Each structure stands twice: as structure tokens, then as C-alpha cells.
Amino acid sequence: MKRKLIFVTAIMVAIPLYAQADAVSELQAKYQTQSAGPFSAKAGEALWNKKFIDARSGKERNCTVCHTTDLTKAGKHVRTGKVIEPLAPSANPKRLANVEKIEKWFVRNCKWTLGRACSAQEKGDVLAFLKNL
Amino acid sequence: MLTRTKEPRVDKACRVKVWDVPVRLFHWILVSCFITAWLTLDNRYLDIHVFAGYVMGGLIVFRILWGIVGDSYARFRDFAFGWREAWNYMTMVLKRWPTRYLGHNPAGSWAIYLLLGLGLLITITGLLGMGGEERQGPLAGLLNYPQGESVIYLHEVLSWVMLGTVAVHLTGVATESILHRENLVGSMITGYKKAAQGTISAPPRRLVGTLMLVVIVAAGFSWFYGYLIETPEQPYRPFTGRQLPDNALWREECGACHLAFHPSLLPVRSWKAMMEDQSSHFDEDLFLEQEAIDKIETFLAENAAEQALTEAAWKINRNIPKTETPLRITETQYWIDKHKQISDEIWRDPKVNDNVNCAACHLDAEAGTFEDAAMRIPAGAGKSSTGIIKGIYEKITCIFSFNSSPSSIFTNKS
């Protein structure tokens, strides 16, 4: 009985972890076919904190403007004040679990923050950085 | 003594109980309700305004009953004076030699009947208007928005007439107090008046008075109870609107970056224009699939401002010229008018963070209902929001600002 309980618990814990690992590695594999890789968490972190100047407003932008530097805590949309749930999978298991969602947010947020689309290498690096948080 | 009395003149005057406890309580609580109602014209205090209205209505109904079943001086029979008597009394006042009445004098009783009638009409129009414009209260939905608005206009006019009548009443009290050299205000507090010895006192009726107080305090407690148990995370909302149509996809996609602005806040043409140009959605690329766009657009169009799902929807839509297609709610005239009083300091406060974040002040922004009295400027936001003196000053200037109709109780005139 006890063993069964441990087994079920283990599976319940493992499923979201597996799904997440799956989405990230699936995307990274895809990026590799676009001649990117290997991916480095360190490069991802550097990009995460890198500052970009918005061409129109002249203001500094980077990922932490909304997501803050502590990804285990909620952030706040800099323009609208909307609360952004924590991005670290350890704090929010829903994160990095869905391939389409990850891609959608890369499109939106790279365009706003960097002023251009992110390269496959950049996206892979950022995922490598985020997945272990 | 300068005065003549109705009663047979006796050498020694004595103090006689004229106003029983229920009459005095009625008078002063009605006064408080009337003042409170005038000070709570701002939408934010609608719950207090409405409570004052309920108490006022209840008091007037009680007074009418008490005028029938009460005793001596409280009875209508005691001051059922005709118009001619009131007129005669007024001419006597002008000659500075009016008869002294122990109870209400003929002119005073006319003021009372007028005040009772006006108070009753104001309560009824308030209830009807709240049911029509706010969709709240026991008569919610009985009238539609335009009808509700007209009734509220009537409510305002009647309130001004009542204010005028109160002024006449006060002038009368002052005049009579001077002419008869007696303190009528004091009498309404203590219940006593000077009268000829042997004049019968009114029974105090303390039990009825206590009952009145108990009922009012209990009603107040149950009405405002929510404020006692609220937490910063869950502020009390005195009014909750009916559940508006919802859509999971809309809430997820539109609510990802900003408050999911309810479709009822803009007309169909605005939503269509917005969804057409999703690659430059206020400086962002939405990158939504066509299927998602279609679904969201359908939901937006089905519940747009034209449907008048809320008071705000109805008022936003009627003020947008048909030739215009606003892309921001904050561009609509109704929104602009309603937020005129918010200072730049408040907008700039980090807790408010500009005008995109409706939920900073509107507690029901997520639900889309935007009820009156569900608004609260975050504590400490902007420096001007503190200070009792300033608060009272603002309220008074609000009442006497004629530029926005006869002081709109639901400041929604446009």
C-alpha cells in the first residue's frame, strides 16, 4: 500500500517535470536543425540581463523590466501593471510546458525587448537558462 | 411675557414635555441622513448615500404611522392646519405678533408635510433610479437605463427643492425662536417647552425610541458589515453587478499582458479595427493564430458596448460619434469625463501606474461590471488623497459645482 502510494506520488511529480523537459528539449532540438547549438545557460543569462535601447522611445529595455531579476517571484508588466506569474519552473510548474506558448512569447517579447526576432541560438540559450531555475 | 398662548394663561409657567423620544429621534436622524446624502454624491460613496436613503425612507414611513397612532403633539390631528391658517400665521409673523403654539404652528406644519412628501418622493425616485441606472436594489431592472437616468434627474431636482424647503423651515425656526424668545432647537433636543402650569406632557415613549435605534443600528451593521471583515487582498465591494458573459480564450489571450478589458467597454467597430491590426497592437506583435483571432473577435462583437450590458457600456457608446472608432477606452468622452478629477499625482503613483490599469482602483475591473462604490484609489496614492479638511472641502465644492448639471448624484451626466 505504502509503496503504491509512493509510486503514484512519484508519477504525479514526474509528469509535469517530464512535460516541461519535453517542451524545452523538443524546441532545442528544433533549433539545432536550424544550425544552432550547443546551448549554454550562461549565454542565456547574459542575454536575459542585456540592455537594449528602444529605437523609438530611446529607453532601455531588457527582460528584467517586466520579469524582474528574481524569476521565482511574480513580475509586473511595465506598461500595464498586469501581474506576471513567476517564470521559473520551480516556482510555477505551468511554465515552459507548452511549445506553442513558448514560441508565441518569444515572438512577442523578442520584438519588444530586442527590437528584432531572436535567433535560434538565443532562444535555445535562454531556454537552457530558464529551465533550471 | 410677550407671547400669547393657546392655553389658558396661568401665572406660573412650567416645563412641559412636548416632543416625545420617537419624534426627536426621527427629526435628528432625518437631518443626519439628509446631510449624509448630500455629502455622498460622489459615485464612490454610493453605498453610504443609498443607506442614508433607506434610513430616510424608513423614518418617513415611521413618522407617517406615528402621526396616526402616536400621542398628542406627534399626531397629525394636532397640527392639521389648513392653508388659510398657515397664511394667517405668516401674516401674524410679519406683524411680529404670532400666536404661540405649543406643538407645531400652522406654517411649520406645512413645512413638515412638504418635507415628508418630498422625502418620500426622493426615496422612491432614488430606488427607481438605482434600479434603472445601476441595476441594484429591490427595483433593479424595473426601468431601463434612459428611464433610470430621467428618474435620477427628477431625484436631483426634488433634492434641491427639499434643500430649499429646509432653508425655509430653518428660517421659520429662527424667526419663531426670536419672536417668542424661546429656543426651539433646544426643545427639539430636550423635548421640553415652557407652557402654562397644568398642561399635559406627552408620554416619552422611550421603548419606541429604543426600538427605532436598534433597528437603524442593526441595519447599519448589516449594510456595512463587509468593511469590517475585508482584507487588503479582498476589499469589500458594496455592490456586485450581475455576471457578464465570459470567454476563456479571450481572458487568457487578452488578459496575458493587460487587464482583459471587457467587450462592453468599446463598440463593435473599435474591436474589429483592433483585431485587424494585430501585428502592431499598441507597439506589440500579438502573433495570434487566425482561428484564435476569429473566436476572440466574435466574443468581442457579441458583447460590445452597443449591447448596453452595463451602465458604463451604455454611457460609453452613446457618447462616441458614429464617425469615430476609438482604439482606447481612455479616448472615449465618457471615460475622460469620469476621470477628470483624478490628479496627475495619482496617475503617476506606482500603485496606479497610469490609466491602463483599471484594476488599480476599480475592484471589479476583472468582472467588467465597473459598479459605483467599487472604486478605491489605493491608500497613499497621490498626496492629495489625505486630509479630512480637504476631503470635506472637495465634497462641498462637488455639491456646488453647477457646471455638471444640478450636482449629479451619479455624476454620470454627459
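How accessible is D246(B): buried, partly exposed or exposed? D246(B) counts as partly exposed, at 40% relative accessibility, where buried means under 20% relative accessible area, exposed over 50%, and partly exposed in between (1.4 Å probe, protein chains only). The views below come from a predicted model, in which local features need pLDDT of at least 70 and side-chain atom pairs count only at pLDDT 80 or more, while totals for chains, interfaces and linings use all residues. Residues are numbered from 1 along each chain as its sequence is written, chains are lettered from A and ligands numbered from 1 in the order in which they are written, and side-chain values use heavy atoms, with hydrogens and water left out.

**View 1. The two chains and their secondary structure.**
Chain A comes to 5 helices and 4 strands, where helices (H or I, at least four residues) and strands (E, at least two) are DSSP runs numbered from the N terminus. Along the sequence these elements of chain A follow the pattern α-α-β-β-α-β-β-α-α, and buried residues make up 40% of its 133 residues. Chain B holds 14 helices and 2 strands, and of its 414 residues 47% count as buried. With contact taken as heavy atoms within 4.5 Å, residues 24 or more positions apart account for 53% of the contacts in chain A with a separation of 6 or more. In chain B, among contacts between residues at least 6 apart in sequence, 72% join residues at least 24 apart.

**View 2. The interface of chain A and chain B.**
The contact draws 16 residues from chain A and 21 residues from chain B. About 1700 Å² is buried between the two chains, with carbon and sulfur atoms giving 43% of that area; buried area is here the accessible area (1.4 Å probe) that two parts lose on being put together, summed over both. On the side of chain A, R79(A), K82(A) and R108(A) lose the most area to chain B, together 34% of what that side buries. Between the chains the count is 6 salt bridges, each defined as a side-chain nitrogen of Lys or Arg within 4 Å of a carboxyl oxygen of Asp or Glu. One salt bridge joins the side chains of K111(A) and D285(B), at 2.9 Å from N to O. Helix α4 (residues 99–113) of chain A gives the most to the side of chain A that touches chain B, with 7 residues, and the residues of that side divide into 4 nonpolar, 3 polar and 9 charged. In this division Ala, Val, Leu, Ile, Met, Phe, Trp, Tyr, Cys and Pro count as nonpolar, Asp, Glu, Lys and Arg as charged, and the others, Gly among them, as polar.

**View 3. Salt bridges around D246(B), and within each chain.**
A search of the whole structure finds 23 salt bridges over all chains. The side chains of R251(B) and D246(B) meet in a salt bridge at 2.9 Å, N to O, and R251(B), at 25% relative accessibility, counts as partly exposed. A network of salt bridges links K82(A), D246(B), R251(B) and E366(B). Within chain B, D71(B) and R205(B) form a salt bridge through their side chains at 2.4 Å, N to O. D71(B) lies in the loop between α2 and α3 (83–94) of chain B and R205(B) in the loop between β2 (192–196) and α7 of chain B, so this pair ties together parts that are 134 residues apart in sequence. D71(B) is buried, with a relative accessible area of 17%, whereas R205(B) counts as partly exposed at 36% relative accessibility. In chain A the side chains of R61(A) and D54(A) meet in a salt bridge at 3.4 Å, N to O, and both R61(A) and D54(A) are buried.

Over all chains the structure holds 20 aromatic pairs, for which rings of Phe, Tyr and Trp (its six-membered ring) must have centres within 6.5 Å, with planes under 30 degrees apart counted as stacked, over 60 as edge-to-face and the rest as tilted. The rings of F51(B) and F224(B) have their centres 5.1 Å apart and their planes at 70°, so the pair is edge-to-face. F51(B) belongs to helix α2 (residues 46–69) of chain B and F224(B) to helix α7 (residues 206–229) of chain B, so the pair ties together parts that are 173 residues apart in sequence. F51(B) is buried, with a relative accessible area of 15%, and F224(B) is partly exposed, at 24%. One aromatic cluster is formed by F51(B), Y54(B), W223(B), F224(B), Y227(B) and Y236(B).
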